[in-house]
Amino acid sequence: MSASAPGTHPDGSVAKLIEISEKPTLGRRLIDWASRPPGRLYIPACALVGLVLLFEDSVPAGHLPSFVIGLGGGLLLAGMGALRLGIALAVARPMIRRYWLRWVSAPLIATVALGLAVADVPLRTRIDLSSESLIELREETGAATTIPLNGEWTGLYPLTSVSDDGETVHYTVEGAGLFQPSGLAYSTEEIPTGVFVPGQGSRVYEHVSGDWYVWVDH
């Protein structure tokens, strides 16, 4: 006698069911995906992108690698969120009402990150935490000299050089600037902003707070 009767083999039954079952269409898969609230991967991914963008804003004139990662990741997540919400509004509104906190988490993270960036909170905070160390470095720098630092950390910034022309101290921050070198400037005298300053070459300044400025080499 055979070890198993015809039609009773478990593997054969499962294979037959899989063969005759209807495969879900792309539309059905999208509906199933959108009917579930944002989960354990999407919301942390939004938080991570928000932190990357806040770091980018804390660097004078921006930081190109984190800008590209943050912008690309933000656009991808925003597109996914809009698609998911649009489908859910059409076919799964009760799920939105039931898990409303998870649905609003991503827009809330984006709003907070953008608000902090527009207000320059990351940049101001990082400068405030670094100012004492930067000023100490200034006191060690003689007038009309440039000292290479090769990425040495001072406060919360890696510096490639520091120079003092007797009126303004320029700190070149490693990796700062999206397309041109950039850094911080310290001056007790007001520096004109948004224009080329006589005697400062191609630098353009933007005031941050107190005696601190951001400069960009154009």
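Start with the largest nonpolar core of this predicted model. Select Ile 127, Tyr 157, Leu 159, Tyr 171, Leu 184 and Trp 212: of the 18 residues in the core, these touch the most other members. To see where the core comes from, colour helix H7 (121-140) and the strands E2 (157-164), E3 (169-173), E4 (182-186) and E6 (212-217), each of which supplies at least two residues. H7 gives the largest share of this core, 4 residues. In soluble globular proteins, nonpolar side chains tend to be buried together.

Next, centre the view on Leu 184. Which residues are in contact with Leu 184, leaving aside its neighbours within four places in sequence? They are Pro 60, Ile 127, Leu 134, Tyr 157, Val 169, His 170, Tyr 171, Val 173, Trp 212, Tyr 213, Val 214 and Trp 215. A separate core, of 6 residues, lies apart from the largest one; select Ala 185, Ile 191, Tyr 205 and Tyr 213, which are among its members.

Move to Trp 212, in strand E6. Is Trp 212 buried or exposed? Trp 212 counts as buried because its relative accessibility is 6%, and the cut-off for buried is under 20%. Neighbours within four places in sequence aside, Trp 212 is in contact with Ile 127, Ser 131, Leu 134, Ile 135, Tyr 171, Leu 184, Ala 185, Tyr 186 and His 207.

Now show helix H3 (residues 42-58) and helix H4 (residues 64-91). The two pack at an angle of about 145°, with their axes 9 Å apart, and H3 passes H4 in a left-handed crossing. On the H3 side of the contact, select Tyr 42, Ala 45, Cys 46, Val 49, Val 52, Leu 53, Phe 55 and Glu 56. On the H4 side, the residues they meet include Phe 67, Ile 69, Leu 71, Leu 77 and Met 80, together with Gly 70, Gly 73, Gly 74 and Gly 81. The residues of this contact divide into 13 nonpolar, 5 polar and 1 charged.

Stay here for the loop between H3 and H4, and select Ala 61 in it. Its phi is near 65°, a positive value in a residue other than glycine. Most residues other than glycine have a negative phi. Ala 61 is partly exposed, with a relative accessible area of 32%.

Asp 120 is in the loop between H6 and H7.

Go back a few positions to Ala 117, in helix H6 (residues 100-118). Which residues does Ala 117 touch, not counting those up to four places away in sequence? The answer is Leu 54, Asp 57 and Pro 122. The C-alpha atoms of Ala 117 and Leu 54 are separated by 6.3 Å, although the residues are 63 apart along the chain.

Finally, zoom out to the whole chain. Its secondary structure comes to 7 helices and 6 strands, in the order α-α-α-α-α-α-α-β-β-β-β-β-β along the sequence. Of the 218 residues, 34% count as buried. Among contacts between residues at least 6 apart in sequence, 52% join residues at least 24 apart. With a surface display on, the chain exposes about 13500 Å², and carbon and sulfur atoms supply 63% of that area.

How values were computed
Residues are numbered from 1 along each chain as its sequence is written. This is a predicted model: local features need pLDDT of at least 70, side-chain atom pairs count only at pLDDT 80 or more; totals for chains, interfaces and linings use all residues. Side-chain values use heavy atoms; hydrogens and water are left out. Axes are lines fitted to C-alpha atoms, for helices over the stretch in contact, and angles run from 0 to 180 degrees between N-to-C directions. A crossing is left-handed if the near helix is turned anticlockwise from the far one by less than a right angle, and right-handed if clockwise. Contact means heavy atoms within 4.5 Å. Ala, Val, Leu, Ile, Met, Phe, Trp, Tyr, Cys and Pro count as nonpolar, Asp, Glu, Lys and Arg as charged, and the others, Gly among them, as polar. A nonpolar core is a set of buried Ala, Val, Leu, Ile, Met, Phe, Trp, Tyr and Cys residues joined through side-chain atoms within 4.5 Å. Buried means under 20% relative accessible area, exposed over 50%, partly exposed in between (1.4 Å probe, protein chains only). Accessible areas come from the Shrake-Rupley method with a 1.4 Å probe; for residues, only the protein chains shown count as cover.
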